[in-house]
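Subject: Handover of a structure and the findings in it

Dear colleague,

Please find below the structure that I am handing over to you.

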Amino acid sequence: MPLPRWIAATALTVVAALSLTAGPGETGVRAEGRIVTGSAPSPALGEDIAYNVYLPARYDRTKDRHPVLYLLHGRGDTMQAWTRVKTTLDDMIRTRRIPPVIAVMPDAPWNERGNWYVDSRYTGTDLPGRPVETALTRDLIAHVDATYRTAPIRQARLVGGYSMGGAGALRFALAHQDLFGAAAVLSPAVYAPLPPSDSSARDYGAFGEGGSKFSEDVYRELNYPSLLPGLDQDLPVRLFVAVGDDEYANPDPADARHDLDFESAALYNAARRSPAISAQLRVMDGGHDWTVWAPAFEQAMAELGPGLSVVPPTGLPAPLHGTPAADWAGGVAAHADGSLTLGYAAGGPVEGQPHAGRLDAVLTRTGTQPGTVTDDAVAPPDEAGDTGGWTRQLGTAADERLYGVAALPDGGVLAAGYTKGDLDGRHPGNAADDAFVVRLDAAGEVRWLTQFGDPAAADRLYALSAAPDGGAYVAGYTKGSLDGQNAGDKDAIVARLTPDGALSWIRQYGGPGEDKAAGIAVGTSAVHVTGSASAALPGTTALGGLDGWIAAYTTDGTRQWATTAGGPEDDRLNAVTVTTTGLAVATGLSAGDALTVAYTGKGARRWQHVLATPQADEGAAVTPLAGGEVQVVGYTRGRVGVPAGGADVLVLRLDAKGAQRAATQLGTARDDGVDPFAEPGLYATPTPSGQVAVTGLTYGTPAGGTAPGNGDVFLTTLPAA
């Protein structure tokens, strides 16, 4: 997989104009950036804005674009204050802790250096108010983007500041989400709801109006408590707050809560409750000075810097499927004519279909190729490929969920899940979860629907695979007894249905704990099933915590082998496929990382791959590619490509030996591919054109589209290469 451009550029770093020789115990050379001065014309101010700018080593030797830091100084200080972080930036760039960045350090002399980085409404002649916020967020940024090799996107901008500059950085990040994606707010001089009586925020006209230097109404309007409720969740802000533990302690008990350590904690606790902000707080050893701001800046850059990107994240395509109520992804099938059948559960009527109540099972045949995600963008749907479509909604007054859709050779489709009602008309009075499988023909008409389960216990299907004869293999769990005595809380089940919907056989597999089957795939001579178990299953060894497991059955239901996967922490295997070389490849979770494992026909582990970021990662679906390769689809809350926000859809390509060939992520600003219960909501299948169709749950809004709300379903195709 190619290295990101900034990593590749850093790896090739050579001696810059101001390079130093290596220190003791170090190898190579120490490349340094440089600081130069500049000025930006400001129509808003009617004068130039002076600034220092840090340009990273080799800036003049490449054509790369760079992220930009805007660093705001404190009250009474000048643009020289931030120049002391040059060494920190040099070292962090040289050691690849952050990408090469440009740092702009504007001078803010207005209101006699007490402007608080807002547009002042004070009209007194002693400290004439100036439109400082407009000048810096509009005029300065436009000048920087026109003068230096930047990327004019919010993901490439960070604003930081200390004291008054910390208040300004917070204001800029919250009031201008379209400009900044991150903020480093150090010892911010923010006070809620109003500043104490002795605060200099009252003295310089920044929050004044007319002839008054301070207006409570203006201050409240511009302060962060007024901004938080109106933030756009689709423009997430990463916020890093730091403060010293030796801040000034106001002797007036009435103003004690305005000590900046207290105010910083209050800011953090308010910000972290906003769905548009991911916030962190650090309390440092020191007071209101650079003993705090220098190490806090380094920590802020370590946290926020790697997230800066000159490339925008890859989004999800419009349109989304669903209703204004809660909807849940349920599977996708690819047909020979290029169409897809999407399955999901809907909380309301879809395409004019009657809504039976609560959640209904919905199957939609697409008449167009959905939007295709490429490395750079989302291609629109293929209108030329329109072959017509249909929607079928199935339900009762209770809940129905789908957990698998499979294509049939005749153009029909199978779907499986569970119902809490009488879905087939032969289970009156049913109030427990029952498994069901339905077959629809190519026109969307129901050919048959089979509902089964223990009448007194919950039974659910979580996986479906079409049989070569047009029947189905399904897997899930039962809390009852469908094939002998229940071994514990829940037992995994595997079942075979004939082409006309009759239940051919069912096998119950469990130990003393809670056991579920989550994935199923049919090979040439075996049916492979995966899942999770909280205690040892027959024929396996418990590894600790929740264990992932995989088992192989013959087509007549005889279990051939079973084994566990993972380690001493919680693990599970969510999906399985059979490769073109005959390996059974399963994917899921191991101790918070995405785990993919391959097994031979006799149950021997052939290879294992783990994708790990500092955040949660999990595999949810796996599809075969040519040459024994596989494509894994899951979710990540970490950084694999360019994060979009929240949990993103994770896409991995592994070769026939389990080596990673590519990895990326895509999504919206909110959670994608995972539900509030931290279970993956993703499905994938290969298409006849060689792509991979992917569907899943999203709580976000696609670029250029709308979201019905409360969780919707996306559908896209990904290139296999």
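Which residue in strand 6 is the bridge partner of Leu-69? The partner is Ala-103. Before the details, please note that this is a predicted model, in which local features need pLDDT of at least 70 and side-chain atom pairs count only at pLDDT 80 or more, while totals for chains, interfaces and linings use all residues. Residues are numbered from 1 along each chain as its sequence is written, and side-chain values use heavy atoms, with hydrogens and water left out.

Strand 5 and its partners

Helices (H or I, at least four residues) and strands (E, at least two) are DSSP runs, numbered from the N terminus. Two strands are said to pair if DSSP finds at least two bridges between them. Strand 5 pairs with strand 6 (residues 102-106) in the parallel sense, over three bridges. Strand 5 also pairs in the parallel sense with strand 8 (residues 157-162), over five bridges; there, Val-68 stands opposite Arg-157.

Strand 5, helix 2 (residues 86-94) and strand 6 together make a right-handed β-α-β unit. A crossover is right-handed if, with the strands pointing away from the viewer, the path from the first strand over the helix to the second runs clockwise.

How many residues of strand 5 are buried? Buried means under 20% relative accessible area, exposed over 50%, and partly exposed in between (1.4 Å probe, protein chains only). Five of the five residues are buried, so strand 5 is largely enclosed by the rest of the structure. In a regular strand the side chains alternate between the two faces of the sheet. Both faces of strand 5 are covered, with Val-68, Tyr-70 and Leu-72 buried on one side and Leu-69 and Leu-71 buried on the other.

Four strands form an open sheet in the order 23-24-25-26, with antiparallel pairing. Strand 23 (459-466) and strand 26 (503-509) stand at the edges with a single partner strand each, so one side of each has no neighbour in the sheet. On average, neighbouring strands of this sheet are turned by 20 degrees against each other, direction ignored; the axes behind such angles are lines fitted to C-alpha atoms, for helices over the stretch in contact, and angles run from 0 to 180 degrees between N-to-C directions. Strand 23 and strand 24 (residues 472-478) run antiparallel and are joined by seven bridges. Ala-463 stands opposite Ala-475 in strand 24.

Backbone features in loops

Most residues other than glycine have a negative phi, and most peptide bonds are trans. Arg-58, in the loop between strand 4 (47-55) and strand 5 (68-72), has a positive phi near 70 degrees. Arg-58 counts as buried, at 18% relative accessibility. Ala-678 also has a positive phi, near 60 degrees, and is partly exposed, with a relative accessible area of 41%. Its loop runs between strand 38 (660-666) and strand 39 (682-686).

The peptide bond from Ala-192 to Pro-193 is cis, with omega near 0 degrees. Pro-193 is placed in the loop between strand 9 (182-186) and strand 10 (209-210). A cis peptide bond also joins Ala-318 and Pro-319, with omega about 0 degrees. Pro-319 lies in the loop between helix 9 (290-304) and strand 13 (328-334).

Yours sincerely
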